Amino acid sequence: MVSQPPQDDYDEKSARQKEIDAWLPITSSRNAKWWYSAFHNVTAMVGAGVLGLPYAMSQLGWGPGITVMVLSWIITLYTLWQMVEMHEMVPGKRFDRYHELGQHAFGEKLGLYIVVPQQLIVEIGVCIVYMVTGGKSLKKFHDLVCDDCKPIKLTYFIMIFASVHFVLSHLPNFNSISGVSLAAAVMSLSYSTIAWAASASKGVQEDVEYGYKAKSTAGTVFNFFSGLGDVAFAYAGHNVVLEIQATIPSTPEKPSKGPMWKGVIVAYIVVALCYFPVAFVGYYIFGNGVDDNILMSLKKPAWLIATANMFVVIHVIGSYQIYAMPVFDMMETLLVKKLNFRPTTILRFCVRNFYVAVTMFLGMTFPFFGGLLAFFGGFAFAPTTYFLPCIIWLAIYKPRKYGLSWWANWVCIVFGIFLMVLSPIGGLRTIVIQAKEYKFYS
């Protein structure tokens, strides 16, 4: 005879569980509209990576560059659709977090081990890179607006950028940062438009070259790998997509996937309007002489480039918050559920300030922007964006062997593994080369 746990104990547990869920950032608010999904996805996806796309094109060349860009857009839209579908595939249950979906597919322990490390690398990696980007764009803005001022170290600009997050990080959940996210989404479209329109008005440069820049075959190959990583980094929104969908209300008659998918389509149209013109126009105008951030190649008109840099700063403020929110959720879940801390404001204050301080410190220590993009892009973005959703789909739905769904998923998996293996090699080489001339906290 198995003894049943007393009903009172069970009620107490479920009451505590409800209290914790109402406090955690991902599950505390479920009243988002479809357009929240649109601008959260734009903010998550169109990051500073878009400004590195002309440089990625210069490393890939016209043919491979256009192919990789278009293929990535199609594949990541397909895998994003899969994730939106899988959010509520078990009736009466929602997979509010990426790792919960992984645990359903691979088992409690294995699912955590597969998904959480990759998701954390992506989210913390993005936050560090955005610390650097925010600092660099602030420095560029300062140098353009005040060209006779005394130069200020990049380190200080990263600290100024971080100071905003010591305040914004205390917004409790996704819905509370929707205003910041909307501003960020508008900015991303604005600075992308400035980047390609200012390039186009400049006209093709006199000594423009489209051949590969590296003199040796090895250099060309490594640069090609690095370019693949830059493209992978640009399509990174999948890591927060289930968490965004968790904020949308859902009933059996009107599941959340309807409004979520509507938002995703709008977001992907904006992504195409940002990515393709910036990448192709930027490369066409500057050729292989383009900087790893297109705004650095555009020196004039100074006021326009200063404005674009300020737009980048506002955008990465919103993006940082979108990527930090799931990390806050993981840290707070661990402390409250596993270590039995009380869910209090003081706990949240300490956890979030600690996280912002760590990402600021790492950003100040390692600001090799281009290399970091390629390294993180291949290492963690490719799996979570290009092929992990496909593996989960195959594991759960088991589509007919050699059918359309089976082939589509395997093509994405092969393409994603190809990106994951090759791009960190190029990125690591770039970091090693740049690190030779690098002084700490310069």
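The legends below describe close-up views of a predicted model.

**View A. The tilted aromatic pair of W62 and Y210.** The model contains 20 aromatic pairs. In one of them, the rings of W62 and Y210 are tilted, with 5.9 Å between their centres and 50° between their planes. This pair connects distant parts of the chain, its two members being 148 residues apart. W62 belongs to helix 4 (residues 62-86), whereas Y210 is placed in the loop that runs between helix 8 (178-202) and helix 9 (217-234).

**View B. The tilted aromatic pair of W393 and Y397.** W393 and Y397 also form a tilted aromatic pair, with a centre-to-centre distance of 4.3 Å and an angle of 40° between the planes. Both residues are in helix 15 (residues 369-397); because they are four residues apart there, about one helical turn separates them. W393 has a relative accessible area of 10% and is therefore buried, the limit being under 20%. Y397, in contrast, is partly exposed, with a relative accessible area of 37%.

**View C. The aromatic cluster that includes W62 and Y210.** The two residues of View A are members of one aromatic cluster, which is formed by W62, Y210, Y283 and Y284.

**View D. The charge of R348 over the ring of W23.** R348 is positioned over the face of W23. The distance from R348 to the ring centre is 4.3 Å.

**View E. The largest cavity and its lining.** One cavity of 30 Å³ or more is found when the whole structure is searched. The volume of the largest cavity is about 40 Å³. Its lining consists of A44, M45, G47, G49, V126, Y130, F233, A234, A236 and Y323. At least two residues of this lining come from each of helix 2 (34-45), helix 6 (108-145) and helix 9. By residue class, the lining of the largest cavity comprises eight nonpolar and two polar residues, and no charged ones. Among the lining residues are the glycines G47 and G49, and Gly is counted as polar.

Note on methods
Residues numbered from 1 in each chain as written. Predicted model: local features only at pLDDT ≥ 70, side-chain atom pairs only at ≥ 80, totals over all residues. Heavy atoms only, no water. Phe/Tyr/Trp six-rings, centres within 6.5 Å; stacked < 30°, edge-to-face > 60°. Buried < 20%, exposed > 50% of the residue type's maximum accessible area, 1.4 Å probe, protein only. Lys NZ or Arg CZ within 6 Å of the ring centre and 35° of its normal. 1 Å grid on protein atoms, 1.4 Å probe; cavity = no way out; pocket = protein on both sides within 12 Å on 5 of 7 lines; lining within 4 Å. Points joined across faces, edges and corners; volume = space filled by probe spheres on them.
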